[in-house]
Amino acid sequence: MKEIDERRQAEQTLRQSEARFRLLLESAGEGIYGLDTEGRCTFVNEAALTMLGYARDELLGRETHSLIHHSHADGSAYPAQECPIYDAFHKGQPTHGLVELLWRKDGSSFPAEYSAQPLREAGQEAERVSGAVVVFHDVAESQALRHLLSYQATHDALTGLVNRQEFERQLERMLIEIRGDGEAYALLYLDLDRFKVVNDTCGHTAGDQLLRQITARLHERLRGRDTLARLGGDEFGVLLEHCPLDQALRIATELRDAAQDYRFVWEGKPFSVSVSIGLVPLSATIGSVSAALAAADAACYAAKEQGRNRVHLYQPDDALLTQQHTQMQWVSRLTHALDTNRFRLYQQVIAPLGQHGQGRPHHEVLLRLLDEEGRVVEPMAFVPAAERYNLMPAIDRWVVREVISHHAVQQRHAPLAERPIFAVNLSGSSLADERLAEFVCGLLAEHGVPADMLCFEISETTAIANLSRAIEFIRALKREGCLFALDNFGSSMSSFAYLKQLPVDFLKIDGSFIRTLAEDSLTRAMADAINRVAHVMAIETVAECAESAPILALLKELGVDHAQGYALARPQPLPEADAPAPSADGYGRNPAHRP
Ligand SMILES: Nc1nc2c(ncn2[C@@H]2O[C@H](COP(=O)(O)OP(=O)(O)OP(=O)(O)O)[C@@H](O)[C@H]2O)c(=O)[nH]1
């Protein structure tokens with residue numbers, strides 16, 4: 001009786017345990033199935049059936065490998081003896097975290113991560129493997145997500161090309177390969193010419209469209225194994241694998257021609273496109289990715305300097321590149337000079353020539369740099385570098401701040417007739433600075449300086465190159481009361497055509513007309529014409545480079561309003577903020593400031 005009770009008890013425990021096992025099996029989100037030692041299905045849960053698209057009785061008792069695990073992704077056969085699941089019951093070895101394709105009943109497949117655990121049974125002799133349990137889940141979605149994230153991290157969203165980080169990784173790999181195989185490789189650095197024009201005249205959407213279209217053009221010209229990347233803005237990089245120099249030059253030239261032959265059309269307006277290309281043959285002597293890219297950038301810049309739309313081959317002893325290197329050294333010196341206040345301001349008088357009597361004191365403010373040894377450096381030594389490396393906006397702002405807060409502020413209460421005019425030069429890149437007008441107005445208000453104490457000098461070529469921006473800037477600050485001068489007037493062939501559009505107060509006749517005034521009747525006639533046209537437009541004229549008494553006499557004869565030059569005064573340091581104000585002749589009252 002007791003024995004029967006115990007048996008019943010044991011049977012009930014077994015039934016309960018089986019029920020728990022079933023419940024567990026069916027509530028699992030993962031697919032689970034069991035196999036016997038022949039690889040036949042002994043049980044399978046609902047999740048597995050759903051994922052595989054089979055009914056339970058289509059799997060139970062059937063050999064599963066040939067149903068759901070028969071082929072690789074490329075369609076080639078996957079023999080059961082190579083399958084790690086079979087190792088679980090043949091060799092008693094568990095497997096974990098493998099990802100392979102599983103095939104559905106309808107012939108489609110999905111990547112599944114699975115593990116297989118051998119099932120062991122205590123036999124009469126030793127413990128033996130009686131089958132295996134396989135647990136799997138579909139990883140298609142997470143794989144796709146991983147794939148997408150890795151794609152986004154390595155590609156440029158606008159063009160679909162690989163991005164700078166990925167390009168640098170590939171370049172690094174290439175530099176390692178070169179050390180090993182000594183094969184020829186080349187790096188190209190492409191920068192579209194005057195791309196800003198499309199952005200400025202048609203907007204960024206047009207610019208984006210151009211970038212996408214030019215990408216397709218460039219791609220067409222490359223071989224399958226070459227890499228084209230967008231490095232940023234309108235810059236592209238190309239890696240040419242196994243490519244001797246003559247072939248690299250030919251490909252670079254083809255890319256340049258592809259851009260040149262292409263017409264970008266936006267709202268019916270055609271734009272011609274061109275590209276400047278720097279070519280660097282990669283060799284074992286190029287030590288790093290950054291050295292290779294710096295050489296390619298320098299070569300590309302040299303192509304721009306030579307007139308754009310060309311290929312420039314990098315050579316280590318290139319004179320152009322040496323000059324650039326010098327410019328790059330200026331960058332750190334200039335940045336340091338800004339940080340440590342090593343710029344100095346000079347002034348040169350702009351004197352009235354008669355008709356306007358004494359007029360208001362008027363000076364052009366000139367920039368100098370105090371070098372590490374305390375020597376005064378003229379701007380022609382550093383302004384080209386500052387322009388190239390976009391430091392001029394910061395330098396111009398420094399000048400404007402100094403003039404308003406240290407110099408103009410001292411004389412802001414002078415009666416209007418004696419109130420000085422400080423003429424400050426502005427570079428083209430400052431003109432493009434959309435917040436400069438706001439910056440100027442803020443400083444004027446902060447220091448209570450009347451706006452008419454500032455006259456901004458913009459060179460004629462700068463104004464023409466940024467015409468709409470120049471007009472907008474001049475109008476905005478003229479509304480506040482600032483004055484404007486058009487500098488170096490006459491240096492371009494089309495000066496008069498633009499003059500009508502630029503609402504300036506002064507026109508500075510380019511020094512090239514003034515220096516030869518005494519000996520050349522043609523330049524005299526041209527200076528005369530400029531002076532007359534300006535007067536018709538009620539613009540006052542200033543002659544630059546008035547270097548002798550006969551020139552001054554001729555300028556008076558022509559009726560030019562003002563002159564500036566060595567015949568009147570040499571540039572002088574602007575008096576320190578707490579020094580006495582300069583006299584109207586442009587010299588500080590401190591005799592040490594006299595030339
Ligand atoms: N539409 C568009 N413009 C961009 C994008 N990224 C940068 N830019 C613009 O690209 C222009 C790059 O100009 P630069 O290369 O300095 O000058 P450029 O006009 O091409 O002249 P050069 O290079 O001197 O021949 C700038 O005006 C940027 O604002 C972008 O994703 N889309």
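## Helix 7

In helix 7, the residues Phe167, Leu171, Met174 and Leu175 are buried; a residue counts as buried if 20 or more other C-beta atoms lie within 10 Å of its own, as exposed if 12 or fewer do, and as partly exposed in between, with C-beta atoms placed from the backbone. The four cover an arc of only 105° around the axis, which puts them on the same side of helix 7; the arc is that of the directions from the helix axis to the C-beta atoms. An α-helix has 3.6 residues a turn, so residues three or four places apart point the same way. Gln165, Arg173, Ile176, Arg179 and Gly180, on the other side of helix 7, are exposed.

This is a predicted model, in which local features need pLDDT of at least 70 and side-chain atom pairs count only at pLDDT 80 or more, while totals for chains, interfaces and linings use all residues. Residues are numbered from 1 along each chain as its sequence is written.

Helix 7 spans residues 164-181 and has 18 residues. Helices (H or I, at least four residues) and strands (E, at least two) are DSSP runs, numbered from the N terminus. From first C-alpha to last, helix 7 reaches 25 Å, close to the 26 Å expected at 1.5 Å a residue; the expected span is 1.5 Å times one less than the number of residues. The buried residues of helix 7 pack against strand 6, strand 7 (227-232), strand 8 (235-240), strand 11 (275-282) and helix 11 (289-305), where contact requires C-beta atoms, placed from the backbone, within 7 Å. Just after helix 7, glycine 182 has a positive phi of about 65°.

## Helix 16

Helix 16 covers residues 436-447, twelve in number, and reaches 17 Å between its first and last C-alpha, close to the expected 16 Å. Its buried residues include Leu436, Val440 and Leu444. Seen down the axis, the buried residues of helix 16 fall within an arc of 75°, so they line one face of the helix.

Glu438, Gly442, Ala445 and Glu446 are exposed on the face of helix 16 turned away from its buried side. The buried residues of helix 16 pack against helix 14 (392-407), helix 15 (428-431) and helix 18 (467-480).

## Nonpolar cores

A nonpolar core is a set of buried Ala, Val, Leu, Ile, Met, Phe, Trp, Tyr and Cys residues joined through C-beta atoms within 7 Å. The largest has 60 residues, of which Phe422 and Cys455 touch the most other members. Leaving out residues up to four places away in sequence, phenylalanine 422 touches His363, Val365, Val403, His407, Ala408, Met453, Leu454 and Cys455.

## Two loop residues with positive phi

Glutamate 267 has a phi near 45°, a positive value in a residue other than glycine. It is found in the loop between strand 9 (263-266) and strand 10 (269-272). With 6 C-beta neighbours inside 10 Å, glutamate 267 counts as exposed.

Asparagine 390, also not a glycine, has a positive phi of about 55°. It lies in the loop between helix 13 (379-388) and helix 14. Asparagine 390 has 12 C-beta neighbours inside 10 Å and therefore counts as exposed.

Methods. Two residues are in contact if their C-beta atoms, placed from the backbone, lie within 7 Å.
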